[in-house]
Amino acid sequence: MTILDAYTDAFNRHDLTAIDALHSFAARVEGPEAGTDVAALLSSFTYWFAQVPDVKAEVRAYAENGPFLFAEMVLAGTDTAGNPVAVPVLLAIETADGLIVAERQYTPVLATA
């Protein structure tokens with residue numbers, strides 16, 4: 001199982017412990033949520049899982065080059081108000097010794113009224 005397979009599987013099971021275990025102790029995380037560490041990432045996933053209880057990640061395309069992995073994904077489900085949610089994500093991961101040492105998430109900025 002690749003690191004992307006393990007990550008997607010853990011996310012789809014909403015298994016924060018498994019997601020945490022895929023990251024090195026000092027992994028750097030960058031994304032639309034505040035924070036630059038795995039704790040901030042897990043906090044944002046906790047929020048997602050509460051707001052979209054059936055959210056699943058679907059990998060649309062990916063490419064690997066040595067320790068670098070890029071994946072185009074869609075996070076989709078139904079929010080607690082019954083509305084469908086689908087958010088595209090580009091995930092860039094750097095690995096070392098079988099663990100994620102850097103993770104960057106790119107998502108569109110959603111306009112609000």
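Helices (H or I, at least four residues) and strands (E, at least two) are DSSP runs, numbered from the N terminus. The model is predicted: local features need pLDDT of at least 70 and side-chain atom pairs count only at pLDDT 80 or more, whereas totals for chains, interfaces and linings use all residues. Residues are numbered from 1 along each chain as its sequence is written, and side-chain values use heavy atoms, with hydrogens and water left out.

Figure 1. With a relative accessibility of 5%, M73 counts as buried (buried means under 20% relative accessible area, exposed over 50%, partly exposed in between; 1.4 Å probe, protein chains only). Apart from neighbours within four places in sequence, the contacts of M73 (heavy atoms within 4.5 Å) are T8, A57, E58, V59, R60, V87, P88, V89 and L91. V29 lies 44 residues from M73 along the chain, and the two C-alpha atoms are separated by 17 Å.

**Figure 2. The chain as a whole.** Three helices and five strands make up the secondary structure of the chain, in the sequence order α-α-β-α-β-β-β-β. The radius of gyration of the chain is 14 Å, close to the 13 Å that the globule rule gives for 113 residues, so the chain is as compact as a globular protein of that length; the radius is taken over C-alpha atoms, and the rule is 2.2 Å times the number of residues to the power 0.38. Along the principal axes, the C-alpha atoms fill a box of roughly 40 × 25 × 25 Å. Of the 113 residues, 37% are buried. Among contacts with a separation of 6 or more, 45% join residues 24 or more positions apart.

**Figure 3. The largest nonpolar core.** A nonpolar core is a set of buried Ala, Val, Leu, Ile, Met, Phe, Trp, Tyr and Cys residues joined through side-chain atoms within 4.5 Å. The largest one has 29 residues, and Y7, F11, F45, W48, V55 and L75 have the most contacts inside it. Two or more residues each come from helix 1, strand 1 (23-30), helix 3 (38-51), strand 3 (68-78) and strand 4. F11 touches I19, F45, F49, V55, K56, A57 and L75, when residues up to four places away in sequence are not counted.

**Figure 4. Helix 1 and the residue that follows.** Helix 1 is largely enclosed by the rest of the structure, because seven of its 10 residues are buried. These buried residues are I3, L4, A6, Y7, T8, A10 and F11. Just after helix 1, H14 takes a positive phi of about 60°. H14 sits in the loop between helix 1 (3-12) and helix 2 (16-21), and its relative accessibility of 22% makes it partly exposed. Most residues other than glycine have a negative phi.

Figure 5. D97 occupies the loop between strand 4 (84-96) and strand 5 (99-106). Its phi is near 55°, a positive value in a residue other than glycine, and D97 counts as exposed at 82% relative accessibility. R104 is placed in strand 5. Although R104 and A92 are 12 residues apart in sequence, their C-alpha atoms are 5.1 Å apart in space. Setting aside neighbours within four places in sequence, R104 is in contact with E30, L90, L91 and A92.
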